[in-house]
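Have a look at the structure first.

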Amino acid sequence: SIYEMFGNECCLSTGEVIKVIGFKINKLIASICDNNEVSQFSAKVELPLNFPGLYKVVADKTPYVSIEEITRKVSIGPTRFGHPCFYSPEDIKLSNLTIKHGEQITINSVEEVNGTMAVNCGVVRNNQSHSFTLPLSQEGKFYECEDDQIYTLKEIAEWKIPKCRNRIVKLSNTLHTWDSSNPLPENFDGCLILTPVYEVQAVMKFRKDIVHILSDLDVEVKDITDCYDISSFLQPLSLEDVFERTSKEFPMIAEIMEGPSGSQKPYNLLYTGKEIVIYKKYQATRVLASEIRSDSPKRHFLIPMSYKGKFKRRPREFPTAYDLEIAKSEKEQLHVVATKAFDSPHKELFSVSVGDQFLVQQCQTSEVLYEGRKKFIDVLACEQILSNTYKKVFLPMYMEGGFVEVIHDKKQYQLSEICKEFRLPFNVKVSVRDLSVEEDVLAAMPGLQFEEEITDSYLLISSTSSPVESWEIPVYRLNMSVHLLSKDAQTVVPPVTKTTVEEISEEQYYMVRRYENQTLHPPPRPPKKPT
């Protein structure tokens, strides 16, 4: 049987031995649905896994009848996606704990406990996590919990479509403007039923790459697992698999089986068949930055702390008085100019005109007369800058106006200095480009907003043939497979590390912000007008 996949022709000869290493969703067939049912007028459309947009998963109304069925059909793993949540309509009585009906059960892992296969679970009560195990033999009705996270189609395909089931998703954010090539209707914001089309991933004895075989290929096969030495096949590892190895196993030599796409260095050097040294795994800090521009789409970057360029400050914009209170610092007094007029409903508070300038001081409470009654409200104390004097004024904290920062600081800053001395978000422009790289992509930006510091997982690698420099590669944003070679690394100490500014897509930007903000409490909402 001869077939072509991704432009590569592959021949499966009679007697060829293939080791199946996994099943993967190759594409999705989508149908528009109403009330979680396929519309009879809905045409089926084919969506690639990189189809743009962010989606919310609609909880499946069909229950699972046992924990064993969940482990068989649902993806459970060590990453942030692999912890599905369920609830039981009945109480589950354990030896030391009773799981109440409707209580959210998070499944963290599958392992053997006292000779019996079980799942490690957790429930949260009064902000405290309680851990327990459930055997795979545990029966009952287990329903999916509602999921308020957003996902790309690729993430849904990898983690959120149970085996032998479809998945309903709701479009949360299109991210891109609609055009005629989009298979979905213009301004579509409804639900889709996704039906997966699988491919088989396999390795062959005399090939060093991963073979992708569509699941509908018409070929007869026979299972010979029990009578064949499968150790003679290569064992492909993803970057996540490599990262899960213990630190003492590094450095290691690997050969790339599937390289990443992209012309950006070092990705263009990571091609199939290349041998690399993987020196170590670690967490590294990046600053998430976005291009400042009024129209979209904006470009987004992850900037390493080793970036050698310098920055000058750019004015920040503040939509409310509340934002001024958040942005003020002890290091310097915040000086702003009003860009929008505001008429105060209280004679005790100040009415703002366009062009008024203020020095921001602090938040306090003030007594005002509101509909004949005295009330205390939060206000922002400021000094209005007049021609030759200052006037103390109070702005209501709920005031929706507009302010632009006046910058007096002409100093040039390193990235680390900004993170140490100022509160993010912070606006800048590159004043001295990074001369250690051929092209500094940040230098071409008219302005950048540093949004937050994030921590991410990286592997440090170099080429075995010419180890003159080493590179950091992101574990969770790079599609790459390797197999380990039984060679010892010639050098344990990596050469000079080249850290690069990584440009990320809008979907990746939302993902990075989502993960980083999961552990943070949302900022308090601005005060509302008194009622």
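pLDDT is the predictor's confidence in each residue, on a scale from 0 to 100. For this protein the mean pLDDT is 84, with 90% of residues at 70 or more. The model is predicted, so local features need pLDDT of at least 70 and side-chain atom pairs pLDDT 80 or more, while totals for chains, interfaces and linings use all residues. Numbering runs from 1 along each chain as its sequence is written, and side-chain values use heavy atoms, leaving out hydrogens and water.

**Around Glu69**
- Glu69 sits in helix H1 (residues 67–73); helices here are DSSP runs (H or I) of at least four residues and strands (E) of at least two, numbered from the N terminus.
- Glu69 is buried at 9% relative accessibility (buried is under 20%, exposed over 50%, partly exposed in between, with a 1.4 Å probe and protein chains only).
- The Glu69 side chain reaches the backbone nitrogen of Val65 at 2.8 Å.

**Salt bridges**
- The whole structure has 19 salt bridges, meaning a Lys or Arg side-chain nitrogen within 4 Å of an Asp or Glu carboxyl oxygen.
- Glu332 and Arg313 pair up at 2.6 Å, N to O.
- Arg313 is buried at 8%, whereas Glu332 is partly exposed at 28%.
- Arg316 and Glu405 form another salt bridge, at 2.9 Å; Arg316 is in a loop and Glu405 in strand E28 (residues 400–405), so the pair ties together parts 89 residues apart in sequence.
- Shared partners link Arg313, Arg316, Glu332, Glu405 and Asp409 into one salt-bridge network.

Methods: A polar contact is a pair of N or O atoms within 3.5 Å; within protein, one must be able to donate a hydrogen and the other to accept it, and residues adjacent in sequence count only if both atoms are side-chain atoms.
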